[in-house]
Each structure stands twice: as C-alpha cells, then as structure tokens.
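Student: I would like to go through this model by question and answer. Please keep it brisk.

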Amino acid sequence: MSDRWYSEAVIYCLDIDTFADSDGDGVGDIQGLISRLDYLAGLGITCLWLQPIHPSPNRDDGYDATDFYNVDPRFGTLGDFAELLHQANNRGIRVIIDLVVNHTSDQHPWFQSARSSPDSPYRDWYVWSDQQPADRHQGMVFPGEQNETWTYDRTAKSWFYHRFYKFQPDLNFGNPAVRDEIKKIVSFWIQLGVSGFRIDAAPFIIEMTEPGNANSPKDFAFLTELRQHVQWRSGDAVLLAEANVEPDELQKYFGDSGGSANRLHMLFDFMLNGRLMLALARRDPEPVIEALRETPALPSGAQWATFLRNHDEIDLSRLTADQRQDVFREFGPDEDMQLYGRGIRRRLAPMLGNDRRRIELAYSLQFSLRGTPVLRYGEEIGMGEDLSLPGRESIRTPMQWSMKPNAGFSEADAGKLIRPVVEGGDFGYERVNVTLQRQDPGSLLSWFERMTRALREAPEIGSGTCTPIDQVLPPGVLAHRADGPTGTMVFLHNLSTKHATVDLGSLYEEADLPNDMLSDRPYNPVGKLDALELAGQGYRWIRLCRSYAGAGPAGRPV
Ligand code: NOJ
C-alpha cells in the first residue's frame, strides 16, 4: 500500500447519533458503533469519517459545537471514544472526525463571554460590526432557512457575522489567539489517536471578513500553518476539506504557488459530483469526461475524495440552469425533493428508481474514478429517505440493521428515537436491512463487499492517473483507464440501456493476460479486447497488466 494511506482508502461516513444505540435511549452512541465495527471491516472500509462528535444543542445536527474538547454526552465519554479508536485500529480502520471551527454554537462559553462585554477576553474571537453592515443580506448558505449573515445581538449591542445560521457565530481567524486555539484542538484529538479531520466550510474559515464587503479576502496561509502543525504532531494525519468553490480556486487549497502540496491533502470533488449526477440523469458519459478533462493538475500527494451522496443536499449549483433542470426532472421532480433551489434531498437508491443495475453502475463508476471514494452509511444496503422530515433530515434517518422494531437501531420506544426509522414500502426497514442482505449473496450489500475488495486490489485507482480512453465508442459508453506503478486497469461503463460491443483492441499490446476483476454479470473472457460485450447499464473492471516491481515489498495478488 502507498505510504499515503488516504490515497487508497475507502472512507465511510456516519453520524454516531443515527448509527447504533447501545443503551436504549433512542440516540446512537459510541458503544453502539464499536459493536458494528466488524460489520464495517467486512464491508472493506478502511477509514471512518465521524460527523460532529462534540457537545452541541444540535440545532444543526452537531455542526454547532459548545465544547471542542469533549464528546457529546449522549454518545458516551472521552473514554468510550479512546476505546473506539483502539477497537477500530485493531481492525485496520482509521478514524477521522469533523473539525467544525468556522463557527461555534451561540451557546459556546466563548460566545457567551464575548457577547457579555466589549472587555471580554473572547470578544475578538468573533467577528463584530458596530454599524449595520451593507452586506447583511448577502452570502447566505441556506436560503429560505436563513435571511441574513449579520445579526444584531442586543446583549453585545453589536452586529455579529454568521456565514451559516444565526445561532452559529463565525470565529475570527484574523485573531492569532483563535488560530492557536484551533491548533490546540487539532493536537488534542491527534493525541487521542484520530488519523485526521474533515474540515467543515474551509473557504469560510480562511475568509478575513470585512463588514460591508461580501467578497472579503481569504488568508490561505492559515491552511499552510495548519498543515505544518498537523504534520509535526502526526506525520500521516490527513486534512480532508469541504471547499465547494470555483474550479480556478481549487489549487490554492491544495498548495501554494510554489507547486508543492503543502495545504490540504484532500478535497471533496463537488464538481465531479454534479457532473456524475448529470451523466446518470442523461445516460451520457460526456459530463464525466468533461469533468476529468477540466480537473486542474494537482501537486503530488494531493487527492480528490469522490462521493455520490453525503449528509447534505446534492448541490447542483455548479451546473448550468438547463443541466440542473435535467437532473431535477430525472431525480427530484417534486418540489419537496428539492432544497435551497440548488439541490436534492434524497438518497441515491430512490433517485435511481431502486433500479439495482443502475445503482451498481453509479457506484461502480464513482469507485473506479480517480480519488478516494467516500460512502455514506446506509447506501450499501440501498436505504431511502423520509421526505416528511424537514430539510436535510430526510436523509439522516437511523441505520436499518434488521427486521426488529426500530430497524434494530435502538430498543427505545419508537417515539423516543432521534429520528423515525423509514417504515413500509420499498425502502422500509422491513425490506431493506443488513440482516436480510447479509444472508443473500446476490444482495446490494454483498455486491459492495465484492466491489471494495476489487478496489483494494486495484491501487492504481487511488494512486495512479485516470484518463478517459479517447476513441469512438458506442453511445452511452465511458471507457477510462487507471495507470500506476502497480499496473493498469481499464473500466467500461454503459450508461445507456442498450447492449454494446466495445473494441479496445488497440490496448492489447499493453496487456498481460487481461481479465475481468469485477463486472455486472459473467461475460465471455476478454480475449484480445477487440469485442468486449457490455450489457445495458453494465460495467467491467478489467486488469490490463500488473507490475510486481511497483507493488512494494509485500507484492499484491491479482
Ligand atoms: C457544512 C456541513 O456539511 C453542513 O451539514 C453544515 O450545516 C454546515 N457546514 C455548517 O456547519
């Protein structure tokens, strides 16, 4: 495996509160998660991304912390967390946590002190304006749920800045004391044993907010500082950030203009996410090819994190209006499936009409493209959403473990659950659950296990280059290749519903006993690659050749 473990990882993202409840209070907890680690290991997960774990009034699902040095008492204690790290490590699973430091909860003692007096030592930890700022109604992230970014605080007798909801005041990163505190927080969790952080809202952290200026300057140097600090504390800790920004801005998040990767190790690939949705909606690979071609060159060691679904709405704001309409029409036609005018608040299986072939195709595509795949809990069994819940809660329902009451998530009375489980219909826990799928070699869960195994045997995907194969192909077919020191893989995905025959004979001279590693069905052997059959919505992962020289001391079996 590459020294850069994150390049070849499979990241699984979950919120402790909806995963597994061990003590019957209706809220998932750390002990519950520990009891499910073997399940995750069996799924081939190598890294867990835990969504906010800190104490919080939970007005934004934990993205509003009141204490960065503790875990939410509903989840357990710091001792439980240390045990989780130990147990995960025993199974070869790393843990990264959400670092939500762009803002705090307004209930955080720092903000309570800051608002209480201009002389508070914490006053300058937040961003204030004595006058009403002219950009008060600009830059909202949650239109419809938020109508300003500056709110007047009567106690403070001043306006405070909040890029998100008004109960989430932004910290002032222009203040060196805030920067030092964030480094201390990071050090604390590294010392406990986490392998890194998912940095929430990176572009806003580095925003040096000037009242009245909706386009305040950014201080990228903080990312360099943070990286240096993290690396001194733990050489292989990783920073994975959320930065949904214009393509020409992206490189600055990975590294400075000197060309080295000295800032964030990984960024979520929002651009690819939107294009993948468009490609699936139109059954046309062109948007994916475009996304691959337009990807800025990354400095060595920088990596994308790919995803189809996460805990937020699917953000389609980087598509054109026409493109967005095509995705809405296909995957979120009803108004209550859409959110903030830009996104879809659904899980993937229902978006794809619960069509098993299309779900496999979509995940096969995501996992075979460059970058490190991130998988959201429950997607591996094809969970659905609950549109009767408000906003993004629709996709944050409890994990469906079994046919037991409450889907085996909790023994509490149903009314005490953090959120209701999805019941009845095609996606209810009675039909969609781990227990049923575990027993069925043909289930989606079993397929995910096979797919992650294939991925781990194909390190070229994470560590190598990814190139669309430039030749005339049947309509709807994407062919791409991954080349790395360990060899070459070739992938075919047929986004159309029509059977196709693909001629990749020109690659045969590079091949060394080529063979299928994963496919939607058994196909005839690949032969000379000049007549590759591909069913409608089918896919094939073909190993073209393998280089043992590049495989590292232990080598790897094909
Ligand atoms: C981005 C997170 O993904 C989202 O869930 C949260 O509401 C905002 N940041 C605010 O922290």
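**Salt bridges, a helix and a domain interface**

Tutor: Start with Arg481, which counts as buried at 14% relative accessibility. Buried means under 20% relative accessible area, exposed over 50%, and partly exposed in between (1.4 Å probe, protein chains only). This is a predicted model: local features need pLDDT of at least 70, side-chain atom pairs count only at pLDDT 80 or more, and totals for chains, interfaces and linings use all residues. Residues are numbered from 1 along each chain as its sequence is written, and side-chain values use heavy atoms, with hydrogens and water left out.

Student: Which side chain meets Arg481 in a salt bridge?

Tutor: A salt bridge is a side-chain nitrogen of Lys or Arg within 4 Å of a carboxyl oxygen of Asp or Glu. For Arg481 the N to O distance is 2.8 Å. The partner is Asp483.

Student: Which helices hold Arg275 and Glu290?

Tutor: Their side chains meet in a salt bridge at 3.4 Å, N to O. The pair links distant parts of the chain, 15 residues apart. Arg275 is buried at 8% relative accessibility, whereas Glu290 is partly exposed at 31%. Arg275 lies in helix 9 and Glu290 in helix 10.

Student: How are the domains assigned?

Tutor: The bounds come from an automatic or database domain assignment. Domain 2 covers 109–161. Domain 3 covers 465–555, and domain 1 covers 2–103 + 176–453.

Student: What area is buried between domain 1 and domain 3?

Tutor: Buried area is the accessible area (1.4 Å probe) that two parts lose on being put together, summed over both. The C-alpha centres of these domains lie 29 Å apart. Carbon and sulfur atoms give 65% of the buried area between domain 1 and domain 3. The total is about 1,900 Å².

Student: Which residue forms a salt bridge with Arg357?

Tutor: Across the interface of domain 1 and domain 3 the rule finds 1 salt bridge. For Arg357 the closest N and O atoms are 3.1 Å apart. The partner is Asp520.

Student: Which element gives the largest share of the side of domain 1 that touches domain 3?

Tutor: Helices here are DSSP runs (H or I, at least four residues), numbered from the N terminus. Elements that give two or more residues to that side include helix 9 (270–282) and helix 15 (444–456). The largest share is 8 residues, from helix 13.

Student: How many of the 13 residues of helix 13 are buried?

Tutor: Helix 13 is mostly covered. Its buried residues include Ile359, Leu361, Tyr363 and Phe367.
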